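This report goes through one protein model from its elements to its pocket. Look at the sequence and the structure first, then read on.

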Amino acid sequence: MAAAAVDYGIDAPLVARGWFGRAAWSLGVGLAFWFMNRQEYPGPAGRMLAVLTLIALACAGIAWFKIHSSRDGKLRLREQLLDQLALKGDEKVLDIGCGRGLLAIGAAKRLKTGKVTGIDVWNPQDLSGNSADAAKENAKAEGVADRVRFESGDARKLVFPDNNFDAVISANALHTLADDGEREQALREGLRVLKPEGRLVIFDTAETGYYAEVLRAADAKDVTLSPWSFLWCQPSRSVTARK
Ligand SMILES: C[S@@+](CC[C@H](N)C(=O)[O-])C[C@H]1O[C@@H](n2cnc3c(N)ncnc32)[C@H](O)[C@@H]1O
């Protein structure tokens, strides 16, 4: 029997769909305008169609880039983020806002005796097909189901004891919280459950400068911001720190 395909979902699927919708509308309006005016005003009708077609192509390009970032860009990104953890193989790792398991499964593939826990509230608007079952299917398909588990949990109030994990990771999740107060709560929770000298890697498309400020204020060590990269048509970077 063929192995199930791994699918880590599309981030903010409604946003990508919105850009495809704008492309379709622009092209549709251009074609309708041209069709109604092509005999009486061929020049202006043709120019209008050309402009609206360019706008449609730009919107479709943004939608394509957003999907490409989710399908391809973030797979490469995950390896770069996990490299920063320099895992030895026996660690306990927590992925906050794990979605369909992108980082959690990537980390599990680097472990021998260690274990990864992924927690999420599984919001379907943040990620297509978002569910614990989808993450478990991906873990099975990637051959790491024995090294990773997925639990419902809220980044703002983690259920784990203090000093519990060797590494805490999170990708593109904390910006979805309601405000900076909630983001600070989540960052402080991430630090709380980290063991002394444990490593934290948070990647996001926004607010990363604020994350660094919060972590410094919470006495995290070696707080470092990576250079900017461009995914989902948005400037993105990671913050790394030690407890
Ligand atoms: C854009 S998705 C990214 C998922 C995954 N990290 C990835 O890179 O594929 C953001 C995730 O954050 C989760 N999330 C939102 N609010 C959360 C909260 N309060 N606690 C835990 N996870 C949350 C969403 O359900 C979603 O799975």
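## Elements

Helices (H or I, at least four residues) and strands (E, at least two) are DSSP runs, numbered from the N terminus. By that rule the protein has six helices and eight strands. Their order from the N terminus on is α-α-β-α-β-α-β-β-α-β-α-β-β-β.

## Basis of the values

The model is predicted: local features need pLDDT of at least 70 and side-chain atom pairs count only at pLDDT 80 or more, while totals for chains, interfaces and linings use all residues. Residues are numbered from 1 along each chain as its sequence is written, and side-chain values use heavy atoms, with hydrogens and water left out.

## Extent and burial

Along the principal axes, the C-alpha atoms fill a box of roughly 75 × 50 × 25 Å. Of the 243 residues, 45% are buried (under 20% relative accessible area, 1.4 Å probe, protein chains only).

A contact means heavy atoms within 4.5 Å. Among contacts between residues at least 6 apart in sequence, 75% join residues at least 24 apart.

## The largest pocket

A pocket is an open set of points on a 1 Å grid over the protein atoms alone, where a 1.4 Å probe fits, with protein on both sides within 12 Å along at least five of seven lines; lining residues have an atom within 4 Å of a point. The largest pocket holds about 740 Å³ of space, a volume being the space filled by probe spheres set on the points. Its lining has 40 residues, and Asp126, Asn172, Ala173, His175 and Thr176 are the closest to its centre.

Elements that each supply at least two lining residues include α1 (13-37), α2 (42-83) and β1 (92-96).

How values were computed
Buried means under 20% relative accessible area, exposed over 50%, partly exposed in between (1.4 Å probe, protein chains only).
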